[in-house]
Amino acid sequence: MFKHDINEKRTRIMRSATDVFVQKGFCQATVEEIAAAAEVGKGTVYEYFDSKEDLFCSIFQEGHSYFMNVFRQKLEEESEPAEKLKNGVILWTQFVFAHRELAWLLFSARVNVEPFLMVEEHHQKFIKLLAELFQQGVASGDFRPCNAELMAYIFVGHCRAICNYIISHPETDLKMLAGDIIDLLLDGICA
């Protein structure tokens, strides 16, 4: 997920910071602990990042950019909105499963500090992309008429719930989980 620098120190710092943030929480983690985990000096961390906040934002931005690029590619592979949505659910479950520590950090800890406010800005981009998908589905007749933006927020709420489920059930069969989510999302819970 993280881009590799030639000397890989930046990548090592970012991976170590993710682990420290998960273990201690963003507010309690220190740059000293991150540097020790990355086996670099504290000054080396500051060669790559201006602050702990900058480091956190870099971790999130790279993860978000990676996910959004893959998500857009998956959307382009299908022409039918329902299939696009199915592929999106499968991709989301795979991504959270592969990066559950970072997902836990981003979705479980809500604090009013700038890095977490920046996370919400990125979520708005995801919501906009999803709203466009729901609008396409309504226009094509694949989805019943609905408030596309509201459906996007509901979908993101599902994504956060999926994240929590995967974290608390690490033995989850992702294919079955994705199928259950798609079934509930597209067909509802009524018998």
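Contact here means heavy atoms within 4.5 Å. The model is predicted.

Start with Asn-87, in helix α5. Its relative accessibility is 17%, under the 20% cut-off, so Asn-87 counts as buried. Neighbours within four places in sequence aside, Asn-87 is in contact with Lys-74 and Glu-78.

Leu-55 sits in helix α4, which spans residues 52–77. Leu-55 counts as buried because its relative accessibility is 1%. Arg-10 is 45 residues away along the chain, and its C-alpha atom is separated from that of Leu-55 by 9.8 Å.

| Residue | Contacts (heavy atoms within 4.5 Å) |
|---|---|
| Leu-55 | Ile-13, Met-14, Ala-17, Ile-34, Val-45, Phe-49 |
| Phe-71 | Gly-88, Leu-91, Phe-126, Leu-129, Leu-130 |
| Asn-87 | Lys-74, Glu-78 |

**Nonpolar cores**

In soluble globular proteins, nonpolar side chains tend to be buried together. In this model, the largest nonpolar core has 34 residues. Which residues have the most contacts inside it? They are Phe-67, Phe-71, Phe-126, Leu-130, Phe-134 and Phe-155. Two or more residues of this core come from each of α4, α5 (81–98), α7 (114–140), α8 (148–168) and α9 (174–187). Helix α8 gives the largest share, eight residues.

Methods
Residues numbered from 1 in each chain as written. Predicted model: local features only at pLDDT ≥ 70, side-chain atom pairs only at ≥ 80, totals over all residues. Heavy atoms only, no water. Helix = DSSP H or I, 4+ residues; strand = E, 2+ residues; numbered from the N terminus. Buried < 20%, exposed > 50% of the residue type's maximum accessible area, 1.4 Å probe, protein only. Core = buried A, V, L, I, M, F, W, Y, C linked by side-chain atoms within 4.5 Å.
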